[in-house]
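Thanks for asking me to look this one over. My notes follow as numbered points, to be read with the model open beside them.

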Amino acid sequence: MLGLFLFGCGQNSETENNSYEIKLAYDDEENKLLGEMTVNYYNNTGEELEFVCFHLYPNAFRENSSQSIVSLANYNRAYYNGKSYGDIIITDCNKEFSFIGEDENILKLDLSSTLAPNDIVILKIEFETILPEINHRMGVGENTINFGNAVPILCVYENGAFDLNGYNSNGDPFYSEISDYSVQISFPEKFKIACTGELISESIEDGNKLVSIKADNVRDFVFILSEKFEVLTQDVGNTTVSYYYYDDEKPEESLKTSVLSLQTFNELFGEYPYSTLKVVEASFVHGGMEFPNLVLISDSLFSYETYTTVIIHEIAHQWWYGLVGNDQYNYGWLDEGLAEFSTALFYEKNPEYNITREQMTLRNQSNYKVFETIYTDVLGSVNTNFNRALDEFANEQEYVYTSYVKAYLMHDSLYEYLGEKKYLKCLKYYFSNNKYKFATPESLIACFEKASGRNLESFFYSWFEDKVIIS
Ligand SMILES: [Zn+2]
């Protein structure tokens with residue numbers, strides 16, 4: 001029997017994308033990014049608005065910020081040159097503005113008059129972002145300069161308010177809508193660039209490269225600079241896969257894994273609709289990081305097998321985060337658990353890698369048990385619920401072993417219960433219903449129930465409410 005659907009499987013409203021026109025200039029002597037941005041903001045909220053909010057993630061990198069950028073365990077690998085700070089300064093704006101939230105991480109623009117539903121307002125912001133010396137999403141790293149979350153980005157409006165969650169070092173604390181980007185960047189000509197979207201033009205003037213980039217229907221915009229990049233490319237259908245590297249001794253194999261990931265996930269979940277996918281070896285403290293059309297793979301992973309697994313996991317995020325969005329602050333497990341399980345599906349479909357889903361499942365079960373046992377022994381008890389906001393996890397380990405490992409085990413258990421064919425039918429349905437939108441735990445349940453014809457509410461809630469015993 002099918003349950004009653006209190007929540008739909010996907011949002012139905014078709015709305016106009018907000019658009020960003022951005023001009024950026026990078027000064028590598030001062031580690032400074034100068035920016036001018038014009039945002040065409042469409043009031044898709046259905047309500048009258050008096051103000052509009054933007055995230056200012058670089059403020060989390062300031063001295064004395066309340067959130068640490070990395071956990072203590074990763075501190076030394078991140079700050080390779082000792083502690084270093086970043087910042088974002090708003091130098092001009094066409095509206096009255098103020099800062100709110102912890103570490104002034106939200107920019108609030110007061111609209112001079114009420115913005116009616118479906119009306120548009122043009123917002124202009126000028127800013128300076130200071131990059132810290134750090135191997136992180138945003139920072140001057142040892143081999144690459146990473147510009148993740150370096151420019152202001154609109155907050156999502158939902159349930160009558162803007163989402164104002166700030167930074168958190170436990171996970172990827174980001175939540176943003178599909179938008180259109182048109183970006184011009186100038187930077188010293190010694191650098192090569194990898195970026196979200198398509199390079200429209202490139203010229204050189206007075207020792208600087210000037211590039212124009214167009215990226216439509218993406219959740220964010222990122223670019224990476226390096227003097228060391230070499231590039232390999234291969235086309236898959238309408239998509240050019242580019243692999244940027246400098247230290248990799250097996251670049252052809254890494255490109256092959258990237259190409260196979262795109263082909264495998266196109267087939268399993270639904271077509272990747274963009275013309276470019278960039279896989280970028282980079283200075284990065286964690287294993288990897290997903291951005292729209294571009295993934296970072298850390299240059300300091302301890303084995304090539306791990307490097308390969310990170311490529312697959314991050315490319316899976318193009319579907320789970322990129323195309324099917326979610327509130328990563330409140331439901332980090334929704335995309336992480338699925339990106340992990342997608343990696344197992346990849347290995348299942350590509351036997352030449354000699355890793356099976358069963359092996360991954362056994363490894364995850366045993367890792368999870370070790371985590372649970374050690375933390376229970378040390379602390380007396382441990383919170384193993386993954387369905388929590390990032391600031392509710394005691395530490396990074398608790399977040400990783402629940403939101404990645406345990407959420408993987410939930411998908412694996414569902415796969416075993418429904419069988420491969422039905423599980424994949426559900427996943428395709430979940431993808432097509434939530435593409436370019438946001439999924440929630442409720443829409444995940446609704447899609448799986450609808451496509452499988454099974455009542456799965458008690459299955460999912462036993463995991464969400466942490467009632468499942470992993471043996
Ligand atoms: Zn991930």
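1. I start with N149, which counts as buried because it has 27 C-beta neighbours inside 10 Å. The cut-offs here are 20 or more other C-beta atoms within 10 Å for buried, 12 or fewer for exposed, and partly exposed in between, with C-beta atoms placed from the backbone. N149 sits in the loop between β9 (145-147) and β10 (153-154), and its phi is near 60°, a positive value in a residue other than glycine. Helices (H or I, at least four residues) and strands (E, at least two) are DSSP runs, numbered from the N terminus.

2. Before going on, please keep in mind that this is a predicted model: local features need pLDDT of at least 70, side-chain atom pairs count only at pLDDT 80 or more, and totals for chains, interfaces and linings use all residues. Residues are numbered from 1 along each chain as its sequence is written.

3. D103 also deserves a look at its backbone: phi is positive, about 60°, although D103 is not a glycine. The residue belongs to the loop between β5 (96-100) and β6 (106-115). D103 is classed as partly exposed because 18 C-beta neighbours lie inside 10 Å.

4. The largest nonpolar core has 124 residues, and A194, F223, V280, V295 and I297 have the most contacts inside it. Such a core is a set of buried Ala, Val, Leu, Ile, Met, Phe, Trp, Tyr and Cys residues joined through C-beta atoms within 7 Å. At least three residues of this core come from each of domain 1 (18-227) and domain 2 (338-464). Apart from it lies another core, of 6 residues, including Y175, Y329, F393 and Y399.

5. Not counting residues up to four places away in sequence, V280 touches A194, I224, Y244, L294, V295, L296 and I297; contact requires C-beta atoms, placed from the backbone, within 7 Å.

6. Where does Y399 lie? Its place is in helix α6 (residues 396-418). Y399 is buried, with 23 other C-beta atoms within 10 Å. Leaving aside neighbours within four places in sequence, Y399 is in contact with N170, G171, G332, L390 and F393.

7. On the domains: the assignment gives domain 1 (18-227) and domain 2 (338-464), with bounds that come from an automatic or database domain assignment. Their C-alpha centres lie 31 Å apart, and the contact takes 8 residues from domain 1 and 8 residues from domain 2.

8. Helix α7 (residues 420-434) packs with helix α8 (residues 441-452) at an angle of about 125°, their axes 8 Å apart. Axes are lines fitted to C-alpha atoms, for helices over the stretch in contact, and angles run from 0 to 180 degrees between N-to-C directions. α7 and α8 are therefore oblique to each other; angles under 35 degrees count as roughly parallel, over 145 as roughly antiparallel, 65 to 115 as roughly perpendicular and the rest as oblique. Among the α7 residues meeting α8 are C426, Y429 and Y430, while the α8 side includes L444, C447 and F448.

9. Helix α3 (residues 304-316) and helix α4 (residues 332-349) pack at about 120°, with axes 8 Å apart. That makes α3 oblique to α4. T309, I312, H313 and A316 in α3 meet A339, E340, S342, T343 and F346 in α4.

Definitions and conventions:
Contact = placed C-beta atoms within 7 Å.
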